[in-house]
Amino acid sequence: MRWGVVGEMSGRGTPPRRVRVVVVDDSDHCRRAASDVVRHAEGFELCGVAGSGAEAIAMAESLEPDLVLLDVRMKEMNGIEAARQILEVRPGTVVVLVSAWAEERIGSAAERCGAAATLHKRDLKPAVLGELWSSHGPAFTG
């Protein structure tokens with residue numbers, strides 16, 4: 001039996017730990033849509049939802065997620081700055097910037113802030129989460 005992208009079931013019958021995800025977007029509609037994607041992705045668990053960069057930083061520190069899906073354009077603090085601060089407090093977290101902008105508009109700012117990847121909002125689907133984790137997440141260690 002396979003358990004999504006996180007690993008295989010061990011011989012003892014114990015499933016591996018699920019990838020814990022925080023979704024961050026200042027739009028209620030986009031937060032709900034991204035949260036639904038995470039809920040439907042095998043091997044992933046929604047552990048928090050934030051509406052601002054400051055809230056995302058606090059959640060990253062307290063909830064210790066494996067993955068943060070972070071909107072780029074938000075009021076008060078954009079996703080680029082929030083990503084930088086999240087990675088200061090939780091360096092092992094995989095941060096993916098999600099935006100309605102084309103990747104070219106985000107440019108090298110994504111790399112400079114430490115984000116693992118950028119993704120267009122329309123491309124966020126359960127299978128894509130698996131691909132992102134396979135490419136950027138740490139190897140499953142059990």
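Colleague: What do the buried residues of H1 pack against?

Modeller: Strands E3 (19-24), E4 (44-50) and E5 (67-71), and helix H6 (126-136). Contact means heavy atoms within 4.5 Å. Buried means under 20% relative accessible area, exposed over 50%, and partly exposed in between (1.4 Å probe, protein chains only). This is a predicted model, where local features need pLDDT of at least 70, side-chain atom pairs count only at pLDDT 80 or more, and totals for chains, interfaces and linings use all residues. Residues are numbered from 1 along each chain as its sequence is written, and side-chain values use heavy atoms, leaving out hydrogens and water.

Colleague: Which residues of H1 are buried?

Modeller: Arg-31, Ala-34, Ser-35, Val-37 and Val-38. They cover an arc of only 155 degrees around the axis, so they sit on the same side of H1. That arc is taken from the directions from the helix axis to the C-beta atoms. On the other side, His-29, Arg-32, Arg-39 and His-40 are exposed.

Colleague: What makes strand E6 largely enclosed by the rest of the structure?

Modeller: Six of the six residues of E6 (residues 94-99) are buried, so the strand is largely enclosed. Both faces are covered: Val-94, Val-96 and Val-98 on one side, Val-95, Leu-97 and Ser-99 on the other.

Colleague: How many bridges join E5 to E6?

Modeller: Five, and the two strands run parallel. Strands pair if DSSP finds at least two bridges between them, so E5 and E6 qualify. Leu-70 has Leu-97 in E6 as its bridge partner. E6 also has four bridges to E7 (residues 117-120), again parallel. There, Val-98 is partnered by Leu-119.

Colleague: Why is a crossover called right-handed?

Modeller: Point the strands away from the viewer; the path from the first strand over the helix to the second then runs clockwise. E5, helix H3 (residues 79-89) and E6 make a right-handed β-α-β unit.

Colleague: How many helices and strands does the protein chain have?

Modeller: Six helices and seven strands. Helices (H or I, at least four residues) and strands (E, at least two) are DSSP runs, numbered from the N terminus. Buried residues make up 45% of the chain's 142 residues. Among contacts between residues at least 6 apart in sequence, 60% join residues at least 24 apart.
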